[in-house]
Amino acid sequence: MSVSGYSSRSSAVTDSRSVTEKNLDTGFRWLTYAFAIGIGLILISIALIIIVGAWPAIVEFNVGFFAGSSWNPVEDEYGTLMVIYGTLVSSFIALLIAVPLGVGAAIFLSEDFLPEQIRTILVFLVEILAAIPSVVYGLWGIFVLIPLTRTLGLWLNANFGWIPIFSTEPSGPGMLPAGIILAIMILPIIIAISRDSLASLPPDLRQASLGLGATRWETIFRVLIPAAISGIVGGTMLALGRAMGETMAATMIIGNANRLNISILDPANTIASLIANQFAEASGLQVSALMYAGLVLMILTFIVNIFAELIVNKIKAKYE
């Protein structure tokens with residue numbers, strides 16, 4: 001009788017817990033739905049606020065705003081071709097430097113080239129690099145990086161000045177130091193995501209490759225990197241978006257010159273720097289033009305994310 005009573009009570013407790021767990025699961029599912037919808041609503045609200053603020057400039061300049069190369073608040077002449085160029089070129093320079101260094105560092109930190117204690121210290125230093133405020137990067141760039149890149153720029157101009165990208169004699173701030181400082185800032189993103197992608201690969205891949213007679217470096221370049229390429233590309237695209245949207249460090253280093261010059265040794269400007277420099281004192285149509293420039297930056301980052309998703313999906317389909 002007691003055994004039967006215990007069994008019935010145990011069954012009741014089990015059923016009660018089962019109902020509770022089901023309710024918790026249902027509640028958690030609806031909570032995640034609400035969070036997902038909330039993120040979408042926040043994104044839509046940001047876009048709507050920017051579009052409403054930019055609407056007078058959209059009506060005034062239409063798509064010619066993208067091709068205009070003059071930014072003159074006195075005459076109410078606004079165009080973003082030069083800042084779009086500065087944003088894309090400085091970000092491309094950053095990727096050109098950061099991707100090889102970042103992926104190389106990720107390989108070095110994910111494989112057992114060093115003892116575990118030393119690798120842990122290096123990973124910690126990479127994380128500290130990501131935590132440095134951008135204004136500190138800007139100050140370091142002014143006092144350390146600009147003098148170094150000016151010396152490099154003078155050498156490039158003297159020896160390769162016939163190449164258009166080195167045709168200007170550097171005077172200090174410019175596209176090249178801005179690209180280098182952005183490369184340093186996005187390195188932790190590339191290293192962290194690439195390292196996680198490589199470290200999450202099944203150990204069987206390494207063992208099978210080595211068992212078939214491949215060398216260590218053949219295993220890394222022909223097996224591990226192709227298997228982790230989707231994560232590496234995703235990290236690279238995320239870093240590109242970070243570089244395109246960087247404000248303070250780029251503003252302090254790039255020179256803030258609203259002119260179009262193909263030379264990377266010449267001062268330039270980016271969309272984020274333009275907005276940061278002028279928004280506080282803007283009025284009238286200039287405010288709308290700056291909001292329009294912000295909308296252009298949103299469109300560029302949106303395009304980058306779309307391409308990143310397409311590239312990652314294509315690569316995944318190739319290796320699955």
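Biologist: Does Thr-149 count as buried or exposed?

Modeller: This is a predicted model, in which local features need pLDDT of at least 70 and side-chain atom pairs count only at pLDDT 80 or more, while totals for chains, interfaces and linings use all residues. Residues are numbered from 1 along each chain as its sequence is written, and side-chain values use heavy atoms, with hydrogens and water left out. The classes of relative accessible area, found with a 1.4 Å probe on protein chains only, are buried under 20%, exposed over 50% and partly exposed in between. Thr-149 has a relative accessibility of 6%, so Thr-149 counts as buried.

Biologist: Which residues does Thr-149 touch, not counting those up to four places away in sequence?

Modeller: Thr-149 lies in helix α5 (residues 134-160), where helices (H or I, at least four residues) and strands (E, at least two) are DSSP runs numbered from the N terminus. A contact means heavy atoms within 4.5 Å. With residues up to four places away set aside, Thr-149 touches Pro-177 and Ile-180.

Biologist: Which element gives the largest share of the lining of the largest cavity?

Modeller: On a 1 Å grid over the protein atoms alone, a cavity is a set of points where a 1.4 Å probe fits but cannot get out, a pocket is an open set with protein on both sides within 12 Å along at least five of seven lines, and lining residues have an atom within 4 Å of a point. The lining of the largest cavity includes Thr-149, Arg-150, Pro-177 and Ile-264. The elements that give two or more residues to this lining are α5 and α6, and the largest share, 3 residues, comes from α5.

Biologist: What volume does the largest cavity have?

Modeller: A volume is the space filled by probe spheres set on the grid points, which are joined across faces, edges and corners. The structure holds 3 cavities of 30 Å³ or more, and the volume of the largest cavity is about 50 Å³.

Biologist: How many nonpolar residues does the lining of the second largest pocket have?

Modeller: The second largest pocket, with a volume of about 170 Å³, takes the largest share of its lining, 6 residues, from helix α3 (residues 81-110). Among the lining residues are Tyr-85, Phe-92, Leu-176 and Ile-264. Ala, Val, Leu, Ile, Met, Phe, Trp, Tyr, Cys and Pro count as nonpolar, Asp, Glu, Lys and Arg as charged, and the others, Gly among them, as polar. By these classes the lining has no polar and no charged residues, and its nonpolar residues number 10.

Biologist: Which element contributes the largest share of the lining of the largest pocket?

Modeller: The largest pocket has a volume of about 270 Å³ and is lined by 14 residues, with Leu-43, Met-298, Thr-301, Phe-302 and Asn-305 nearest its centre. Two or more lining residues come from each of α1 (2-61), α9 (229-245) and α12 (285-319). The lining divides into 10 nonpolar, 3 polar and 1 charged, and its largest share, 6 residues, comes from α12.

Biologist: Why is the pair of Phe-61 and Tyr-78 given its geometric class?

Modeller: Rings of Phe, Tyr and Trp (its six-membered ring) pair if their centres lie within 6.5 Å, and planes under 30 degrees apart count as stacked, over 60 as edge-to-face and the rest as tilted. The structure holds 8 aromatic pairs. In this one the centres are 5.9 Å apart and the planes stand at 85°, so the pair of Phe-61 and Tyr-78 is edge-to-face.

Biologist: How many residues apart are Phe-66 and Tyr-292?

Modeller: Phe-66 is partly exposed, with a relative accessible area of 30%, whereas Tyr-292 counts as buried at 5%. Their rings form an edge-to-face pair, 6.0 Å centre to centre with 85° between the planes. The pair links distant parts of the chain, since Phe-66 is in helix α2 and Tyr-292 in helix α12, and their separation in residues is 226.
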